[in-house]
Amino acid sequence: MRRGMTRWRLVIHGGAGSERIAHDDPAHEAHARAGLEEALASGAAILERGESAIDAVETAARLLEENPCFNAGRGSVLTEQGEVELDAAIMDGRTRAAGAVSGIKTTRAPISLARRLMEHGPHVFLAGAAADRFAATSGLEQVANDFFILPERRRQLDEALAAGSAADPIKYGTIGAVAVDADGNVAAATSTGGITAKRWGRVGDSPLIGAGTYADNRAAAISATGSGEYFIRAVAAHEVAARIRLGCETLQQAIDGVLADIASLGGKGGLIAVSPSGDAAWGFTTPAMYRGMADASGRTVAIYSEETER
């Protein structure tokens, strides 16, 4: 496809939520909306210059990782042991090259580590201390685990531990970005701190290629957020792409169908997607999902289900 034949587009999410935002900081919602705007503006600037979708999604995701409003990077939720364990994945729809990491504790930019692995491999997926060592040898900044931990997340951990089995782990979690560039190439990136009070080295859907993250120029780029165990069982991101490529469904039909399937299993959450032609769609089965979209006509962000987008 010749440059200029495709309209570029960037869609991001900052996590789906099971309830309205309850937060000690009354300005949290305004800060979160500003964070979405910042990520959109930076990713959009890359696409406006005619640069690649993979650069745009890494840049947008990296800014959301640095923003304490979101459950990824700095500001991630805490494990039962009071630590942060980070997961991330990135995928290039041109070649279906991918990189994924899980359980990392000292790499400041998980999404950049995932991209470094994708480009310099030779593996697709690294976990734990070995992934952090790969990051260090690759020149990516290392920090103490305390860097990622905020007082609000400690409060949420205490609340979850006190509630025990009655705690709802799906508050607001996971950030993601999907983009299509002027050449019709798509890319996806997803990053998360997981769920509050997680145990046993739990890994959710975010770093699993085909579950929480997927990109294929034959169909779409997809990023997921929600109850990861159910998105894994549904192979959600790949299922969206398969419904488009093999079932000839639209982006919205595919997203709605996959979310309905996940709901039938007992799960909830959201999905965002873009196609190589420049179409975009999202959907969620929770009361809210941080989200935003940018294209040549402008930018928009929203949180709650009753908010309308163009």
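In the predicted model, Asn145 is in contact with Glu83, Val84 and Lys105, residues up to four places away in sequence being left out of the count. Asn145 sits in the loop that runs between helix H4 (128-137) and helix H5 (151-163). Its relative accessible area is 14%, and Asn145 is therefore classed as buried, the cut-off being under 20%. The side chain of Asn145 also comes to 2.9 Å from the backbone oxygen of Lys105.

Val124 has a relative accessible area of 44% and is partly exposed. Together with Phe125, Val203 and Ile209, Val124 makes up a nonpolar surface patch of about 270 Å².

Strand S6 (residues 175-180) is largely enclosed by the rest of the structure, because 6 of its 6 residues are buried. In a regular strand, side chains alternate between the two faces of the sheet. In S6, Ile175, Ala177 and Ala179 point one way, while Gly176, Val178 and Val180 point the other way, and all are buried.

Strand S6 pairs with two strands, S1 and S7. Strand S1 (residues 9-17) runs antiparallel to S6 and is joined to it by 5 bridges; within this pairing, Ile12 has Ala177 as its bridge partner. The pairing of S6 with strand S7 (residues 186-192) is likewise antiparallel and comprises 6 bridges, with Ser191 of S7 as the bridge partner of Ile175. S6 and S7 form a hairpin in which 5 residues lie between the strands. In the turn of this hairpin, Gly184 has a positive phi of about 80°.

Strand S9 (residues 220-226) is also mostly covered, with 7 of its 7 residues buried. One side of S9 carries Ala220, Ile222, Ala224 and Gly226, and the other carries Ala221, Ser223 and Thr225; the residues on both sides are all buried.

Strand S8 (residues 213-216) pairs with S9 in the antiparallel sense through 4 bridges. Ala215 is found opposite Ala221 of S9, and a hairpin of 3 residues connects S8 to S9.

Technical notes:
Residues are numbered from 1 along each chain as its sequence is written. This is a predicted model: local features need pLDDT of at least 70, side-chain atom pairs count only at pLDDT 80 or more; totals for chains, interfaces and linings use all residues. Side-chain values use heavy atoms; hydrogens and water are left out. Buried means under 20% relative accessible area, exposed over 50%, partly exposed in between (1.4 Å probe, protein chains only). Two strands pair if DSSP finds at least two bridges between them. Patches are made of residues with over 30% relative accessible area and no salt bridge: like charges are joined within 9 Å, nonpolar side chains (Val, Leu, Ile, Met, Phe, Trp, Tyr) within 5 Å. Accessible areas come from the Shrake-Rupley method with a 1.4 Å probe; for residues, only the protein chains shown count as cover. A salt bridge is a side-chain nitrogen of Lys or Arg within 4 Å of a carboxyl oxygen of Asp or Glu. A polar contact is a pair of N or O atoms within 3.5 Å; within protein, one must be able to donate a hydrogen and the other to accept it, and residues adjacent in sequence count only if both atoms are side-chain atoms. Contact means heavy atoms within 4.5 Å.
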